[in-house]
Each structure stands twice: as structure tokens, then as C-alpha cells.
Amino acid sequence: MRTRPLGQSGIEASVVGLGAWAIGGWMWGGADDQQSIAAIHRAIDLGMNLIDTAPMYGYGRSEEVIGRAIKDRRDKVVLATKCGLIKDREEGEFFFFADDRNISQGPGPYKIYRCLKPESIRREIEESLRRLQTDYIDLYQTHWPDSTTPVEDTMACLLRLKEEGKIRAIGTSNVSIELLERYRKLGPVDSTQEKFSMLDPDIVQSGLAEYCRRANIAILAYSPLAQGLLTGRVPPEREFPEGDQRRTKPRFARENRVKIQAMLDEFRPFAEKYGLTLGQLVIAWTIAQPGITHALCGARTPEQVEENARAGDVLLEPADITAMTEIVERHRPHIA
């Protein structure tokens, strides 16, 4: 597995990382903890040392499962988690209602707030350290911006945590260039985690990817497989269980999946050339894009981890990357 630096932090992280949102079960129709632990162990064995989670993933369950999985192999892991989404108090900026399985369409039992106040971050990191069974976090990221808290207050807290040795590097997520610049004026930012896939090019179109490339800020691309749509293994007839967010998303409508399948069919000659599955080819294309340093790929079983990890060893030829990009740009305007 190839590695790349997380900005200027001195931390080397696998180019394909394990995204642990689904391990929490919430919004994914549940999860099997033992299978998840086996998946984490397999990831580490294959050199996939970057593991990304958040307190919001299963309301702490994802962190707890990871903590159990890595407690005897902590030194082999680049552990990333987040702060800034809370459900236990109404403080900061209201985000959405939720229940135990998903985001609620109307008022639900939980009110989720974006909150990056220093005292809230302090409370969150102690809870994360406890759940993860560790005394430090390699990469600590703000999960979503909070317009009610001055960036200066948030960054001062993060820098203090770094001085105390509780975190090794500071990252952001879901930010604009302007907000990232405000953070960087106050201290070093080593990474930003952003949604990016063949179907989601916003950070390229906005200039954020190029900005990060020039500033030596790592980009951790989340949902690079568009929640499974780009694996070629989500056929139009597949049904999703209750509690799985994909059940009601327009992007997962049958007619849209037919369009995506047509695009993927054009990738098959490239997949055959490199001896890859379609999903592996898509991941390899993703980490070959300018500015995209790492891809976070969700997995809940050892087999899914093995599938994703193979992409971290592949170098696509420039002409093939260009040809695939042309296919994407031809199909994307017609896909939701």
C-alpha cells in the first residue's frame, strides 16, 4: 500500500483509508461489530493504516468498535476522528433532526447541532479518547463549519490540544477556500476532508483541490465510490433496507443507476487492462486526480477491505486517466 504525507504533519498515511461511517450502523441499516473488527484488522494487515471515524457515526458506536479493534495495535494506525456535531445539547448552529436509524424527515428524538466552541471540543475529545481507548489522536478534524463560533476560538483550542499532545495534526472538513484560509492564518492545517467522486466534482470546480495542492494540504476524499454506486455492484434492481439512507435518495433511483451502469460499462476495458474490478479502478482514478491525496473507502467486512486495498498499489497510465475523465465528463451531466 502506497502512502502519502498528511500535509506538513510528518505523518504518512495510506492512500486508501478505511472510512468508518458504515461501521457505526447509523444511516446504513445497521452493522455487525465482530465483522467490523475483522475488517479493521484486515485493513491494518494490508497496510491500510488510515482509519477515519467521527463521534456522529452511530453516536459513538463507530469509535467504540475501532477502539476495541486497535487497542493492541495502536502504533500501526493513523487514527483520524472529528469534532463539531453534537446531539446532547442545543448549542451552536442547528443542523438536522435524527433518530436511532437515520436523519429524520421531521422532528425526531435528537436535534443535531454544529458546535465548535472550545468547551464543546474539549468535552468531545475526551469522550472520543475514551471510546477509542487511546491517549492521542493522529488527525483531529472539524466535521462541519459552525457559523456561531469564531474561527479564532476554534483554532486556538485545536492548537492547544496539539501542544498538550492529545492530537498530532489538525484538519478541517466540508469547508470553502475562504474558511480554510481563515484557519490557516491562525495555525497549520494539514488536511481537509471533502466529498469527491466521479459524480461529485465540486471541490475541483470550486478551485479548492488546486488550492490545497499548492498549499500542501492533504485532501481526504470521502464517498469516492458514491456510497457504492461506482463499484458496479449496485444493480438497478437492488433494494435497500429500512434505515439505509440510500433507500430514498434520488441518486439511487432505478433510472439513475441505469445511467451510472452505462458509464461504468465504458470503463471495463481499462479494468481488464489492469486486472482490476470496476470499484478498484474508480478508486485508483480518484487518487490520481490533482490534489486528491487519499481516498476514504467504507467497508464492513474483510472482503470489502481487500477489494478496496488493491487500488492503493495501482498506478494508472496518464493516457488512461485522461480517457476515463473524458468518459466521466460525457456521462456526468445526465446523472443525478
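Guide: Welcome! The model is predicted, so local features need pLDDT of at least 70 and side-chain atom pairs count only at pLDDT 80 or more, while totals for chains, interfaces and linings use all residues. Residues are numbered from 1 along each chain as its sequence is written, and side-chain values use heavy atoms, with hydrogens and water left out.

Visitor: What makes Ser62 buried or exposed?

Guide: Buried means under 20% relative accessible area, exposed over 50%, and partly exposed in between, with a 1.4 Å probe and protein chains only. Ser62 has a relative accessible area of 0%, so Ser62 is buried.

Visitor: Which residues is Ser62 in contact with, leaving aside its neighbours within four places in sequence?

Guide: Contact means heavy atoms within 4.5 Å. On that basis Ser62 touches Ala20, Ile23, Gly24, Thr53 and Tyr57. Ser62 itself sits in helix 2 (residues 61-70); helices (H or I, at least four residues) and strands (E, at least two) are DSSP runs, numbered from the N terminus.

Visitor: What do the strands close into, and in which order?

Guide: Eight strands form a barrel, in the order 3-4-5-9-10-11-12-13, with parallel pairing. From one strand to the next, the twist averages 30 degrees (axes are lines fitted to C-alpha atoms, for helices over the stretch in contact, and angles run from 0 to 180 degrees between N-to-C directions).

Visitor: How do you know that strand 12 and strand 13 pair?

Guide: Two strands pair if DSSP finds at least two bridges between them. Strand 12 (residues 218-222) and strand 13 (residues 294-298) run parallel and are joined by three bridges, so they pair. In this pairing, Tyr222 stands opposite Leu296.

Visitor: Why do the buried residues of helix 12 line one face?

Guide: Those buried residues are Asp320, Ile321, Met324, Thr325, Ile327, Val328 and His331. Seen down the axis of helix 12, they fall within an arc of 160 degrees, so they line one face; the arc is that of the directions from the helix axis to the C-beta atoms. Pro318, Ala319 and Glu326 are exposed on the other side. The buried residues pack against helix 8 (254-265), helix 9 (268-274) and helix 10 (278-286).

Visitor: How does the radius of gyration of the chain agree with a compact globule?

Guide: The radius is taken over C-alpha atoms, and the globule rule is 2.2 Å times the number of residues to the power 0.38. For 336 residues a compact globule would have a radius near 20 Å; the chain has 19 Å, so the two agree. Buried residues make up 57% of the chain.
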